Amino acid sequence: MPITTTRRRLLAGSAAALALPAFARAQGAAKPRLTAISQWSAGSDGAAITALGKKFEEKGGVWQHSPVPGFTTEMMNKLRAQIIAGDPPACSQLKGPEIAAWSKIAPTVDLDALVAAAGYEKVVAPDLAKLHKPGGKWIALPLQIYSTNMLFLSKRAMDKAKADKVPVTWADFNDLADKMKAGGITYPIANGGTRPDDGQKFEASLAGISPTAYRAAIMNLDKKALEGPEIKAAFVQVRKIANWMDPNVGAQPYATNLKRFVDGDMGMMIMGGWAQGVLRNAGFKFDDFMITPGPSDNGKPVFLLNADAFIFWQRKEPDLQAGQTLMAQLVMDPAIQTMYSQITGSIPVRTDVDLSGEGWSDGQRRTAAALKDAVANNQAVLSLAHNMAQENGLTAAMIDVLTEYVKNKTITPEQAVTRLAEAVEGSR
């Protein structure tokens with residue numbers, strides 16, 4: 001049930017929000033307290049948000065994080081329930097088009113003054129900044145960036161296949177998978193079978209074939225593009241990837257395959273940079289694997305962008321307002337973004353963070369370079385699988401088609417093209 005927001009209420013909230021930075025700087029301000037919800041509870045994500053909480057406490061704040069494990073939808077259900085009850089968290093995990101959609105449900109905090117004070121907008125990619133200021137005002141802050149189409153290569157598997165060249169195009173990728181198969185690696189692809197994973201297989205395939213077609217079909221929902229030859233070619237590539245996977249993976253996450261991947265029993269994985277954090281958290285070393293941009297048929301890096309962010313909800317309590325100010329300052333701090341990304345395997349949102357020092361992997365450096373190149377060549381596009389390209393409802397309808405296609409090999413690429421276009425039309 002949506003909450004009606006009156007013009008008077010919005011104006012009043014905006015006035016209160018504008019006073020927030022001055023209030024938080026005032027002598028004798030309330031002890032900062034932050035109520036936050038996210039889906040980050042375990043692994044490198046859990047470790048990173050816990051580390052952020054400790055930094056918040058070191059600054060004198062009271063950290064009250066309530067993780068909601070599972071899919072994004074489950075976290076959103078909790079957020080919706082709290083908003084309806086009139087008790088939204090001071091901030092919550094949210095990203096992509098959902099920021100604009102949810103900002104219509106309940107009043108948000110105007111962060112413009114804090115962003116200006118930090119000089120944050122100058123160091124955030126313009127397209128990314130737009131997502132976080134849907135009404136022209138900053139209401140959410142991006143914290144970390146991933147490319148969802150990074151290619152992870154097992155060094156032991158490469159040795160088994162007697163391969164020394166990193167694949168650049170999809171043809172290179174397919175040749176390497178065949179080499180690995182011939183070299184005794186039964187399942188060259190180590191991806192899992194979750195819904196986001198299935199979405200990534202498709203988005204990586206399509207964006208690597210044509211980022212222009214991806215932008216038109218997936219981001220702009222152009223009907224002609226949705227039924228175009230590039231979509232069919234992407235489904236053909238997805239079927240190849242699925243056929244190289246362990247058929248017993250079912251709906252298990254990719255993490256169940258990581259030991260076999262590192263041991264060289266599986267060879268490649270198309271995954272977001274977060275897999276680096278998961279691999280490192282599991283005790284594996286950088287020497288065990290390589291990370292490179294995903295296949296791109298025009299030879300230039302394609303960056304499927306996924307960014308995690310926090311949206312800030314209006315609260316009247318002085319301690320929560322002070323906590324919001326402190327949280328915003330921490331999220332924008334280059335030292336905090338460095339700490340966070342080095343734990344999770346992401347890259348910082350800030351383009352001025354130096355990744356040349358210790359603590360960064362070559363994969364993270366390549367990711368940062370790939371983003372810079374992709375932006376320069378207009379080959380940075382928004383991830384469908386991770387709710388950056390479309391709102392949650394439409395994304396779910398499209399992922400339904402993609403995951404059914406991966407699991408049911410009787411569906412032809414032509415049928416999948418039709419079903420995807422129908423899913424989009426039915427969800428408009």
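The model is predicted, so local features require pLDDT of at least 70 and side-chain atom pairs pLDDT 80 or more, while totals for chains, interfaces and linings use all residues. Residues are numbered from 1 along each chain as its sequence is written, and side-chain values use heavy atoms, without hydrogens or water.

**Stop 1: the domains.** Select 31-145 + 306-361 for domain 1, then 148-303 + 363-424 for domain 2; these bounds come from an automatic or database domain assignment. Their C-alpha centres are 27 Å apart.

**Stop 2: the interface.** Display the contacts (heavy atoms within 4.5 Å): 28 residues of domain 1 meet 25 residues of domain 2. The buried area is about 2,100 Å², with 59% from carbon and sulfur atoms; this is the accessible area (1.4 Å probe) lost when the two parts are put together, summed over both. Next select N306, I347 and S361, which supply 29% of the area that domain 1 buries against domain 2, more than any other three residues.

**Stop 3: polar contacts.** Across the interface, 12 residue pairs are in polar contact, both residues at pLDDT 80 or more. Such a contact pairs N or O atoms within 3.5 Å, one able to donate a hydrogen and the other to accept it; residues adjacent in sequence count only if both atoms are side-chain atoms.

**Stop 4: contributing elements.** On the side of domain 1 that touches domain 2, select α17 (334-344) and β9 (303-312), both among the elements giving two or more residues. α17 gives the most, with four residues. Helices (H or I, at least four residues) and strands (E, at least two) are DSSP runs, numbered from the N terminus.
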